[in-house]
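Student: I am new to this structure and would like to learn how to read it step by step. Could we go through it together?

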Amino acid sequence: MKAFRCGDVVPGCTREFTGTDRQDILDQVAEHARSDHHVEVDLTLVQAVEQHLRDR
Ligand SMILES: [Zn+2]
């Protein structure tokens, strides 16, 4: 399993994600980013997420 904390990229956000793999996390983050942060996922965001992915 992979895990990602949004707060590692967006200070103050407490949302956490767990998923089966990188793509699963990215799908969840994309939806969260759109609805809660009003941003679209771009390459910079994808790279930021990948840097902070943890194994769980
Ligand atoms: Zn967030």
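Student: How far apart are the mean positions of the positive and negative charges of the protein?

Tutor: Before the answer, a word on the source: this is a predicted model, in which local features need pLDDT of at least 70 and side-chain atom pairs count only at pLDDT 80 or more, while totals for chains, interfaces and linings use all residues. Residues are numbered from 1 along each chain as its sequence is written, and side-chain values use heavy atoms, with hydrogens and water left out. For charges, Lys and Arg count as positive and Asp and Glu as negative, whereas His and the chain ends are not counted; the place of a charge is NZ of Lys, CZ of Arg, CG of Asp or CD of Glu. In this protein there are 7 positive and 11 negative charges, and their mean positions lie 5 Å apart.

Student: Which pattern does the protein follow along the sequence?

Tutor: Helices (H or I, at least four residues) and strands (E, at least two) are DSSP runs, numbered from the N terminus. Here the protein has two helices and three strands, and their order along the sequence is β-β-α-α-β.

Student: How does the radius of gyration of the protein compare with that of a compact globule?

Tutor: The radius of gyration is taken over C-alpha atoms, and the globule rule is 2.2 Å times the number of residues to the power 0.38. For 56 residues the rule gives a value near 10 Å, and the protein has 10 Å, which agrees. Along the principal axes, the C-alpha atoms fill a box of roughly 25 × 20 × 15 Å.

Student: Which residues of helix α1 are buried, and what do they pack against?

Tutor: Contact means heavy atoms within 4.5 Å. In α1, which covers residues 22-37, the buried residues are Ile-25, Leu-26, Val-29, Ala-30, His-32 and Ala-33, and the buried residues of this helix pack against β1 (2-5), β2 (16-19) and α2 (43-52). Over the whole protein, among contacts with a separation of 6 or more, 42% join residues 24 or more positions apart.

Student: What does His-32 touch?

Tutor: His-32 is found in helix α1 and counts as buried because its relative accessibility is 4%. Leaving aside neighbours within four places in sequence, His-32 is in contact with Cys-6, Cys-13, Arg-15, Phe-17 and His-37. A polar contact is a pair of N or O atoms within 3.5 Å; within protein, one must be able to donate a hydrogen and the other to accept it, and residues adjacent in sequence count only if both atoms are side-chain atoms. Such a contact, of 3.3 Å, joins the side chains of His-32 and Arg-15.

Student: Where is Cys-6, and is that residue buried or exposed?

Tutor: Cys-6 sits in the loop between β1 and β2 and is buried, with a relative accessible area of 4%. Not counting residues up to four places away in sequence, Cys-6 touches Cys-13, Arg-15, Phe-17, His-32 and His-37.

Student: What happens at the start of α1, and what follows the helix?

Tutor: At the start of α1, a side-chain oxygen of Asp-21 reaches to within 3.3 Å of the backbone nitrogen of Gln-23. The helix is followed by His-38, in the loop between α1 and α2. Most residues other than glycine have a negative phi. His-38, although not a glycine, has a positive phi of about 55°, and with 66% relative accessibility this residue counts as exposed.

Student: Which residues does Val-46 touch?

Tutor: Val-46 lies in helix α2 and is buried, with a relative accessible area of 16%. Apart from residues up to four places away in sequence, Val-46 touches Arg-22, Leu-26 and Val-41. The C-alpha atoms of Val-46 and Arg-22 are separated by 9.9 Å, and the two are 24 residues apart along the chain.

How values were computed
Buried < 20%, exposed > 50% of the residue type's maximum accessible area, 1.4 Å probe, protein only.
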